Amino acid sequence: MISFQLSDEQLALKEMVARFVQNDMLPVAAKYDQSGEFPWEIIKKAFELGLMNIAVPQEYGGLGLGVLDDVVINEELGTGCLGMTTSISVNTLALYPILLGGTPAQIKEFVVPFLSEPKIASFCLTEPNSGSDAGSLSTHIKEDGDHYIVNGSKMWITNAGQASLFSVFATTNKELRTKGMACIVVPADAKGVSLGKHEDKLGQRCSDTRAITFENVRVPKSHLIGKVGEGFKIAMKTLDRTRPPIAAGAVGAARSALQHSVKYSKERRQFNQSISSFQAIQFMLADMATKVEAGRLLCQRAGWLLDRGDFEAANLASAHAKRFSADMAMEVAIDAVQVFGGYGYTKEYPVEKIMRDVKLVQIYEGTSQIQRVVIARELLKD
Amino acid sequence: MNIFVLIKQVPDTETKIKIKGGGVGIETGDIKWIINPYDEFAIEEAIKTKDKIKAGAITVVTVGPDRVVEALRTALAMGCDNAVHVKTDADFSDGYVAAEALAAVCKKQNAELVFTGKQGIDDDQCAVFGYVSELLDWPCASVVVKCDIDAGAKKAKVEREVEGGGRHTIEMSVPCVVAVNKGINTPRYASLPGIMKAKKKEIQSYALSDLGVSSTTSNVTDSDYQLPPERKAGKKIDGDPAAQAKELVRLLHEEAKVL
């Protein structure tokens, strides 16, 4: 038995997000892309609509939405602006470690305040010398009475400059690699926290990406999420849940690139006919469409598996979804620019922005190569 | 105060309309249905009014086949409290029977104030609000762009849009029917928590026969449907800029007659 039918609620929320994209995101997407400013007006509206922190369970006053819901939402958001999509959905990434590894008291203290006002949290795993090899991180925590002292630096932290809370992954002993890892909540205003500059990025320019340095930052022991040694597991469980939605954002961006291409190819005339009458263009459009469909199905299935609690199968499905959707969106965006020709290469038309934006999906939250490592490991295991 | 909003589900404004074989009616198979945009303004105005007078509940009512329940769910998700579905598969192109049903629901459930759109964007008859106010024997104002309800004094002060951008202010007693125009407000979105709550709410359902309407089919028979003529291709003016400008002015004056 199989069904690809979204529920009535999922259709309703998809419709709502589509309107939000049309009326609110798209009119300002180019402006924020050029200025690189953080899109607070959009974040505030997204918050009011309930699009942020969607995974917080109902018993804490949240909506308790599943990963498939998140996939549906993020695909729609991705059709508007991927930078804004990232900024909106990073709260879920940053709060998941607390939801998955924290005690009810910690969830109440750290997560619940995010439901009453538009606030930002950041997920801090990557470091200047630790990216794909997350087990090699060196941000250090040391016990000191009833506190931990945090030292180290993080890199490429999304929304860092706007955040009030950081979910930080650190280690008690770097030699222990993943076994020494811990997750600790650091308030952004703690003494010893300093931020780098807003990185001037190729795409997703309005998301606020920075380095963070922790210098003898004292945090109460009650901020430790789970136990020392559980940090890596918490990070991986979090990323399992956020990969399908992140990938779905790329599917949305690719869908938008395709829609722009279809429209433009019907309008643009060469050799006394619209270029959509040429098979060369038709086949590009057809391939783009198939790729978008395939990406969506992979993302939705990965979300569905996670919602069913089939985490082992979901781990592989998420890798497939993220790898394929990110690479696919890049190909589709490049083809869209090609369909637009010279016009597509300018900022007057929306496709070059999509091309710059989707590039990041091949890099963040596990590169396309790391996804292949996950897939190959599964294929080759005894 | 018992506030009622009367809505209609209509084809999305971007729908490509196809006429049915036989020339009467339109193909509804591929249509994406939305809440009539003028009725969306009515929903928003009802919510704002309720928030302002800090009392009462909003009931949204519509007439139509099962698909219209989706419009009711959206209205609930936006913030309406109750929903009533008058179920029928008949197509009322005159709106009178629909108005009878809507008025009957308002009476049955003790409505004290009715908001609705000034017209449906599908048939554009601008008729239902008038029929309903007549059937309820309530005053009514249409093309309303500003509305102040004084619940204590049972008075409504409304501004209507009139030709040439003028405003016509009238005061009427409440209960009354307020038929709103674009520009009165900006309708909110159905929020995510709203959507989740809406799915749990019960939708009351009536059959036309429960409501004592004069007929269960339309009183009007449609005879012919035609699509508007296709837009003609644009005209390209050749020559140097001075000649082009001259020709353009001549065409605007003589052919388009806009100068």
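Visitor: What makes the meeting of the side chains of B:Glu40 and A:Arg19 a salt bridge?

Guide: A salt bridge needs a side-chain nitrogen of Lys or Arg within 4 Å of a carboxyl oxygen of Asp or Glu. B:Glu40 and A:Arg19 have an N to O distance of 2.7 Å, so the pair meets that rule. In general, side chains of opposite charge can pair when their charged atoms come close. Across the interface of chain B and chain A the rule finds two salt bridges, and over all chains the structure holds 38.

Visitor: How should I read the labels and values?

Guide: Residues are numbered from 1 along each chain as its sequence is written, while chains are lettered from A and ligands numbered from 1 in the order in which they are written. This is a predicted model, where local features need pLDDT of at least 70, side-chain atom pairs count only at pLDDT 80 or more, and totals for chains, interfaces and linings use all residues; side-chain values use heavy atoms, with hydrogens and water left out.

Visitor: How many residues does the contact take from chain B and from chain A?

Guide: Contact means heavy atoms within 4.5 Å, and here it takes ten residues from chain B and 17 residues from chain A. In chain B, the residues that lose the most area to chain A are B:Tyr189, B:Leu192 and B:Ile195, together 55% of what that side buries.

Visitor: How much do chain B and chain A bury between them?

Guide: About 1200 Å², with 68% of it on carbon and sulfur atoms. Buried area is the accessible area (1.4 Å probe) that two parts lose on being put together, summed over both.

Visitor: Why is A:Ile54 counted as buried?

Guide: Buried means under 20% relative accessible area, exposed over 50%, and partly exposed in between (1.4 Å probe, protein chains only). A:Ile54 comes to 2% relative accessibility, so it counts as buried. A:Ile54 is found in the loop between α2 (40-48) and α3 (67-78) of chain A. Leaving aside neighbours within four places in sequence, its contacts include A:Leu63, A:Ile73 and B:Leu192.

Visitor: What makes B:Ser215 buried?

Guide: Its relative accessible area is 15%, so B:Ser215 falls in the buried class. B:Ser215 has its place in the loop between β11 (203-207) and α6 (241-254) of chain B. Not counting residues up to four places away in sequence, B:Ser215 touches B:Val97 and B:Glu100.

Visitor: How do you know that B:Glu44 forms a salt bridge with B:Arg188?

Guide: The closest N and O atoms are 2.9 Å apart, so the pair passes the salt-bridge rule. This one links distant parts of the chain, as B:Glu44 is in helix α1 (residues 37-53) of chain B and B:Arg188 in the loop between β10 (177-180) and α5 (192-198), 144 residues apart. B:Glu44, at 4% relative accessibility, counts as buried, whereas B:Arg188, at 31%, is partly exposed.

Visitor: What about A:Arg323 and A:Asp327, which meet in a salt bridge?

Guide: Their N to O distance is 2.9 Å. Both lie in helix α8 (residues 311-340) of chain A, four residues apart, about one turn of the helix. An α-helix has 3.6 residues a turn, so residues three or four places apart point the same way. A:Arg323 is partly exposed, with a relative accessible area of 23%, while A:Asp327 is buried at 8%.

Visitor: What makes α6(A) a helix, and how does its reach compare with what is expected?

Guide: Helices (H or I, at least four residues) and strands (E, at least two) are DSSP runs, numbered from the N terminus. Helix α6 of chain A has 37 residues (231-267), so it passes the length limit for helices. Its first and last C-alpha atoms are 54 Å apart, close to the 54 Å expected, where the expected span is 1.5 Å times one less than the number of residues. Of its 37 residues, 27 are buried, so the helix is mostly covered.

Visitor: Where does α6(A) bend?

Guide: At A:Thr242, by about 35°, and a proline, A:Pro244, follows within four residues. The bend is the angle between axes fitted to the seven residues ending at a residue and the seven starting there.

Visitor: Into which domains is chain B divided?

Guide: Domain 1 covers 2-217 and domain 2 covers 229-259, with bounds from an automatic or database domain assignment. Taken over C-alpha atoms, their centres are separated by 44 Å. Chain B has six helices and eleven strands, and 46% of its 259 residues count as buried.
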